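Biologist: I have a model open and would like to learn how to read it. Could you walk me through a few features?

Modeller: Gladly; have a look at it first.

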Amino acid sequence: ASALRAWQNGTVRGQNRSIPAKMERFFPKTFVIGAQKSATSSLHEFLEMQPTLCSSAWGKEIHFFEVGSNFYKKGMRFYLGQFAKNPKCRELARQGLNFSTLDSTPSYMRSPPGMRRLLNSAPPSLVPELRFIVILREPVRREMSMINYWRATGWYAGVDYRGPGGQEKYFRMLVDTADAHVPFQRNISLWAGFYDIQLAEVFTIFSPKQVLVLNFDDLTHNQPGTLKRILHFIKTPLPKWRRLKLPSTNVNSREVSP
């Protein structure tokens with residue numbers, strides 16, 4: 001709740017913007033900020049394949065701007081250094097090409113203070129150029145996909161929702177143990193599906209024109225048209241491939257940032 005009050009009062013501070021110009025060029029212009037378990041890993045890999053886009057040496061989900069991130073305390077030099085470590089990013093910078101780095105952390109959308117941190121940390125001249133991609137998936141399906149992942153990795157040993165009435169039992173458990181309208185509480189499963197509240201808060205920080213909101217089903221069932229729309233939105237040239245298609249990526253096995 002204190003983090004929410006800080007965001008509402010505009011007191012969430014960013015990192016010192018006085019960073020060297022040679023590092024400033026590695027600040028991402030493209031962000032995939034949500035939602036988790038909505039094909040963001042596949043989208044990230046697709047975007048990485050574009051000649052003028054590159055991500056951090058770590059890859060997906062650096063989680064730098066999130067409230068509670070230990071890496072945020074290390075400062076902007078640490079964050080931008082993760083992109084400078086990527087050979088592709090370094091080569092694009094060496095050639096003096098117009099390129100964009102990419103930060104795909106799909107939990108950013110549900111962290112308004114983190115989005116405020118991002119704004120306050122970005123070089124002022126770059127702020128109008130920042131672009132945010134959001135993929136929304138039906139909340140129950142999204143949560144079940146997350147639980148399936150947690151179960152497969154051994155992180156989940158809670159209510160078994162797979163039998164008759166299991167999903168109702170699972171969500172009843174969430175309602176009984178958490179207030180769904182308190183976003184910064186330990187159990188984030190309900191809050192993760194409140195897309196309208198999350199986006200409303202994002203739109204108070206960045207212009208809606210800087211945010212592309214997509215439907216998960218459109219992305220998965222109309223890949224060429226949706227991917228073309230994404231590339232146009234982030235001002236990236238269309239690849240000379242016969243057909244735009246998402247890679248068959250499930251999740252990044254590395255779930256802890258560098």
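Modeller: Let's begin with terms: buried means under 20% relative accessible area, exposed over 50%, and partly exposed in between, with a 1.4 Å probe and protein chains only. Helices (H or I, at least four residues) and strands (E, at least two) are DSSP runs, numbered from the N terminus. This is a predicted model, where local features need pLDDT of at least 70, side-chain atom pairs count only at pLDDT 80 or more, and totals for chains, interfaces and linings use all residues. Residues are numbered from 1 along each chain as its sequence is written, and side-chain values use heavy atoms, leaving out hydrogens and water.

Biologist: How many residues of helix α4 are buried?

Modeller: Eight of the nine residues in α4 (residues 76-84) are buried, among them M76, Y79 and L80. Contact means heavy atoms within 4.5 Å. The cover over the buried residues of α4 includes α2 (21-24), β1 (30-34), β2 (53-55), α5 (87-94), β3 (100-104) and α6 (112-121).

Biologist: And how do I read a nonpolar core?

Modeller: A nonpolar core is a set of buried Ala, Val, Leu, Ile, Met, Phe, Trp, Tyr and Cys residues joined through side-chain atoms within 4.5 Å. The largest here has 41 residues, and F27, F31, F64, F65 and Y79 have the most contacts inside it. Helix α4 gives the largest share of this core, six residues.

Biologist: Which residues is F27 in contact with, leaving aside neighbours within four places in sequence?

Modeller: The partners of F27 include F65, M76, Y79, L80 and L118. There is also a second, separate core of 20 residues, which includes L43, L102, F216 and L219.

Biologist: What about disulfides?

Modeller: A disulfide is a pair of cysteine sulfur atoms within 2.5 Å. By this rule the count is one: C54 is joined to C89, with S to S at 2.1 Å. C54 belongs to strand β2 and C89 to helix α5, so the pair ties together parts that are 35 residues apart in sequence. The link of C54 and C89 is right-handed, with 125° about the S-S bond. C54 is buried at a relative accessible area of 1%, and C89 is buried at 0%.
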